[in-house]
Amino acid sequence: MVMIEQKIDLELASNEWTAALSQALTIRGFAFLTDYADSLPAASLAELAGNLGGEPFALEQKLVEEAEAAGQMQRCARGLFARDLRSEIPEGWRRDKADHRDMMVDQDFRIKGVFLTLLMAVPQAYNDAIERIEHAMESIEAPEGWLPAGPDDLILIELFESCWHAEAM
């Protein structure tokens with residue numbers, strides 16, 4: 001009986017949050033969270049959550065849910081990746097491994113964390129694509145100091161497009 005009550009409480013809380021999110025989006029002139037997130041492509045999930053009165057994880061789940069429904073999972077993954085990468089390496093991309101060895105080790109570690117976060121966010125069906133993108137990321141030719149502008153960043157589009165539907169290597 002306690003389990004049923006807990007499940008009902010969770011469903012009520014979820015419904016209340018969904019209604020509050022819908023109202024917050026409507027007030028801002030948006031029908032979907034994806035549209036609102038697209039209007040602030042450089043904002044972190046934490047910043048978006050702060051603006052809307054939610055939790056970053058819940059917003060991430062909602063973005064993934066909307067992307068699945070719209071058939072836009074690759075773009076959603078690019079957006080989540082861009083937001084997290086901007087948060088994790090705010091100083092921008094470093095290319096010169098010889099001059100910045102300690103910074104490169106730190107950057108590599110942070111990027112691995114970004115990919116782990118992305119793997120946990122997207123449905124399991126996309127894990128292979130994310131792993132291919134992570135492998136390809138090791139050899140990208142991004143300019144020094146680069147940070148993705150959002151899901152439509154040309155470097156991210158090229159990286160994701162080349163790996164998203166590719167066969168296993």
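Visitor: How do you know that Phe160 and Trp164 both lie in helix 8?

Guide: Helix 8 covers residues 154–164, and both Phe160 and Trp164 fall in that range, four residues apart, or about one turn of the helix. A helix here is a DSSP run of H or I with at least four residues, strands are E runs of at least two, and numbering starts at the N terminus. This is a predicted model, in which local features need pLDDT of at least 70, side-chain atom pairs need 80 or more, and totals for chains, interfaces and linings use all residues. Residues are numbered from 1 along each chain as its sequence is written, and side-chain values use heavy atoms, without hydrogens and water.

Visitor: Why are Phe160 and Trp164 called a stacked pair?

Guide: Rings of Phe, Tyr and Trp (its six-membered ring) pair if their centres lie within 6.5 Å; planes under 30 degrees apart are stacked, over 60 edge-to-face, and the rest tilted. By this rule there are six aromatic pairs. For Phe160 and Trp164 the centres are 6.2 Å apart and the planes 25° apart, so the pair is stacked. Ring pairs also link Phe81, Phe115, Tyr126, Phe160 and Trp164 into a cluster.

Visitor: What makes Phe160 and Trp164 buried or exposed?

Guide: Buried means under 20% relative accessible area, exposed over 50%, and partly exposed in between (1.4 Å probe, protein chains only). Phe160 has 0%, so Phe160 is buried, and Trp164 has 7%, so Trp164 is buried too.

Visitor: Why does Arg83 have no salt bridge?

Guide: A salt bridge needs a side-chain nitrogen of Lys or Arg within 4 Å of a carboxyl oxygen of Asp or Glu. Lys and Arg count as positive, Asp and Glu as negative, while His and the chain ends are not counted. The nearest side chain of opposite charge to the buried Arg83 is Asp38, 5.0 Å away, so there is no salt bridge.

Visitor: What lies 2.7 Å from a polar atom of the Arg83 side chain?

Guide: That is the backbone oxygen of Ala37. Arg83 itself is in helix 5 (residues 73–88).

Visitor: Where is confidence lowest and where is it highest?

Guide: Confidence is given by pLDDT, the predictor's score for each residue from 0 to 100. The lowest mean is 67, in helix 1 (residues 2–27), and the highest is 97, in helix 2 (residues 33–39).

Definitions and conventions:
Polar contact = N/O pair within 3.5 Å; in protein donor to acceptor, adjacent residues only side chain to side chain.
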